[in-house]
Amino acid sequence: MIVQVICTVCFLAVNTLYVRSFDFLKADDMGEINQTLVSEFLLLGLSGYPKIEIIYFALILVMYLVILIGNGVLIIASILDSHLHTPMYFFLGNLSFLDICYTSSSVPSTLVSLISKKRNISFSGCAVQMFFGFAMGSTECLLLGMMAFDRYVANCNPLRYPIIMSKVAYVLMASVSWLSGGINSVVQTLLAMRLPFCGNNIINHFACEILAVLKLACADISLNIITMVISNMAFLVLPLMVIFFSYMFILYTILQMNSATGRRKAFSTCSAHLTVVIIFYGTILFLYAKPKSQDRTGEEKLLASDKLISLFYGVVTPMLNPIIYSLRNKDVKAAIKYLLNKKPVH
């Protein structure tokens, strides 16, 4: 059922791009496209709502600082505390570092545009934003899948856990996630930026999000659609299948336990990761699966809601990750308290 839902989301996303590409080809045949190539893009952001821009500037700034501090503390704790030198916290440290990289690639420019009204971004700057956004998103999907597999082995094969999840194994798993996400992003970014962009250069978004950029291309984007379908299957559907089946086996194993204490402990070790997965995939589902309005006023409201949902995905989720893992994990809370209370040696 979950796989069918994700496949539907992938279809809806690429179908939107296909319709857009058909419109461009049709306009090109009629000679209606202005063939002046653009050298920069204009990010609209919340330009239609000037009164609330300062409010969002303050909110995004506070959330960005929380992201840097919260994820930074988690990274330091996972490195310095020997009790956290386990596969789960190694993946958590990678996830925290990824959240810092992801937000730092777009949030500073968003803050500048909100406070200074400077909304233009160069062609190369847009490519860099697109690369980091796609790379971090792809890598996070794979890392969440790896973390689910780690929880599966820990709960369903505890005696073999040290062998299966050895240091070589989990370092290799994280490295493959980063490398695969990077390669995927390089391919998608190069395919997008090779397209000619002529006439309209306005991106109705906070950042250079790849779907928003492809809508501005005045050429056939069939190849982009095909590669994005493959990418969605590999980086969205496959990790979600791993997560789904891992937790099905975990749930079955937990229900077979006779000890109530053991069941509570098993649930507590998985609850933080499961919460992050629900927020991450839930936002993606809501963003791409909801229906589009045909009414112009309704469409403008939906565009505004899309921006806010994208903001939630890009800023609020990385901010919540360290909070969720800290509040729902005794080891992390103990490590943070120890680091904060540690006396300097004179």
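I began with the second largest pocket and looked up which helices line it: helix 3 (87–104), helix 5 (123–156), helix 10 (260–289) and helix 12 (330–341) each supply at least two residues of the lining. The model I am reading is a predicted one. Helix 10 gives the largest share of this lining, with seven residues. I noted a volume of about 640 Å³ for the second largest pocket, and of the 23 residues that line it, those closest to its centre are Tyr 89, Lys 265, Ser 268, Thr 269 and Asp 331. Sorting the lining by residue class, I found eight nonpolar, eight polar and seven charged residues.

Next I turned to helix 9 (residues 222–255), whose 34 residues reach 48 Å from the first C-alpha to the last, close to the expected 50 Å. I also recorded a kink of about 30 degrees in helix 9, centred on Met 233.

Phe 41 and Phe 197 are paired edge-to-face, at 5.4 Å centre to centre and with 85 degrees between the planes. This pair links distant parts of the chain, with Phe 41 in strand 1 and Phe 197 in the loop between helix 7 and strand 3, 156 residues apart. I list Phe 41 as buried because its relative accessibility is 0%, and Phe 197 is likewise buried, at 2%.

Phe 90 and Tyr 170 make a tilted pair, 5.0 Å centre to centre with 55 degrees between the planes; Phe 90 lies in helix 3 and Tyr 170 in helix 7, 80 residues apart. Phe 90 counts as partly exposed at 29% relative accessibility, whereas Tyr 170 counts as buried at 10%.

How values were computed
Residues numbered from 1 in each chain as written. Predicted model: local features only at pLDDT ≥ 70, side-chain atom pairs only at ≥ 80, totals over all residues. Heavy atoms only, no water. 1 Å grid on protein atoms, 1.4 Å probe; cavity = no way out; pocket = protein on both sides within 12 Å on 5 of 7 lines; lining within 4 Å. Points joined across faces, edges and corners; volume = space filled by probe spheres on them. Helix = DSSP H or I, 4+ residues; strand = E, 2+ residues; numbered from the N terminus. Nonpolar A, V, L, I, M, F, W, Y, C, P; charged D, E, K, R; others polar. Expected span 1.5 Å × (residues − 1). Bend = angle between axes of the 7 residues up to and from the residue. Phe/Tyr/Trp six-rings, centres within 6.5 Å; stacked < 30°, edge-to-face > 60°. Buried < 20%, exposed > 50% of the residue type's maximum accessible area, 1.4 Å probe, protein only.
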